[in-house]
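Let's take a friendly walk through a protein model, looking at its rings, its cores and a few residues in its loops. Have the sequence and the 3D view ready.

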Amino acid sequence: MRNPYTVLGVGKTARAEEIKSAYRQLAKTWHPDQNPGDPSAPMRFAEVAQAYKLLINPDLRSSFDKGDIDPRGRKRPKPARGFSANPFNAFKQARRSATADQGGGERSADAEDAPDEAKFEEMVVHIFGEAAAKQSGHTTQGSTKGGERQQANAPGLDDDPLAALDELFAKWKTRRKPGARSSAKPEKPVTVHQIEITLDAALNGYTGEIEFGDACRVEFTAPPGTLDGAEIRVNSPDPALHGDAIVKISHARHPRLRAVGADLHGEHAISLMEAVLGGTFVFEGLEGPVRITIPEWSGSDKVLRVPDHGLPTPAGPRGALMVHLRVMLPETPDRSLIDLMRSNRRSWYL
């Protein structure tokens, strides 16, 4: 797993508020429900969650900063005293012992080292690069006094031998395959496009185009239920010339509704009489009118939920239509209502 600071994109001095803000944004971006066609989304989402879990906890964060635990929260093993920092020495010694056993121990030290050293250095160059091979050779040669080879680069108890191997294997994984450098062209960076769609398009699906260069256009599709902030990757016809594209979807402003996740929220004004006695009204949703019942004694904080009238979801039921009630007085004064309120007020004081 990568460094949690790198995963969340924050510095080592970041405050808890910055860590929470970065986590919320990345969790929304990489949530599997937001990326149904991206097989890497679950892994990225889990990585973000693990990084947040480690950094938001002061004790775990302090232990990681001190090097006591790794990015997954596991304790790092302490090396034994005298462990060689060069991870190739044990391999060389094993090769020499095997050669000596096969040859009956009659070969000289120079004859024994020559073929093994050549094969070993060739292997190191192929896997880890020339810099690692030079470091290995320098450590192996060392300095000799009194006919004995001295140990080079022996760390103390506080050095972690696994850190050196992590760096070497990270370098190995980034190396190109033989012959790939000469023929492959570097890919262009990914471009980001902001596209605004209506709630009707978010409900039924949307099809658009991204232009690569002057004459090449590639079609993309936002599936039904596309949420605000969703990202869609559009593959370039020529990555080396133009690079891929990321389409960021946002919902356009609607006169009556707004989307919160897969739920649609709207408001409806009711009279004081309807608030007290209840009633029914017709609300215009995205797919047409919906008749809704007002319970008795419904104040302005009442939210009426109509299931399966929101946006579709990749798996499971649709979102809901959430209607927020607002109690409104008549535009013109109602004498009967005024008299009723005055009579009630007089009764309260009697």
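Tyr5 counts as buried, at 4% relative accessibility; here buried means under 20% relative accessible area, exposed over 50%, and partly exposed in between (1.4 Å probe, protein chains only). This is a predicted model, in which local features need pLDDT of at least 70 and side-chain atom pairs count only at pLDDT 80 or more, while totals for chains, interfaces and linings use all residues. Residues are numbered from 1 along each chain as its sequence is written, and side-chain values use heavy atoms, leaving out hydrogens and water.

**Aromatic pairs**

How many aromatic pairs does a search of the whole structure find? The search finds three. Rings of Phe, Tyr and Trp (its six-membered ring) pair if their centres lie within 6.5 Å; planes under 30 degrees apart count as stacked, over 60 as edge-to-face and the rest as tilted. Two of these pairs are set out here.

| Pair | Centre to centre | Angle of planes | Type |
|---|---|---|---|
| Tyr5 and Phe64 | 6.2 Å | 40° | tilted |
| Tyr206 and Phe220 | 6.2 Å | 55° | tilted |

Tyr5 lies in helix H1 (residues 4–8) and Phe64 in helix H4 (residues 58–66), so their pair ties together parts 59 residues apart in sequence. Helices (H or I, at least four residues) and strands (E, at least two) are DSSP runs, numbered from the N terminus. Phe64 is buried too, with a relative accessible area of 10%.

Tyr206 is partly exposed at 25%, whereas Phe220 is buried at 4%.

**The cores**

The largest nonpolar core has 34 residues, and Val247 and Ile210 are among those with the most contacts inside it. Such a core is a set of buried Ala, Val, Leu, Ile, Met, Phe, Trp, Tyr and Cys residues joined through side-chain atoms within 4.5 Å. Apart from this core lies another, of 14 residues, including Tyr5 and Leu55.

**Residues in loops**

Thr226 sits in the loop between strand E5 (216–222) and strand E6 (231–234) and is buried, at 6% relative accessibility. Trp297 is in the loop between strand E11 (288–294) and strand E12 (303–306), and is exposed, with a relative accessible area of 71%. Most residues other than glycine have a negative phi.
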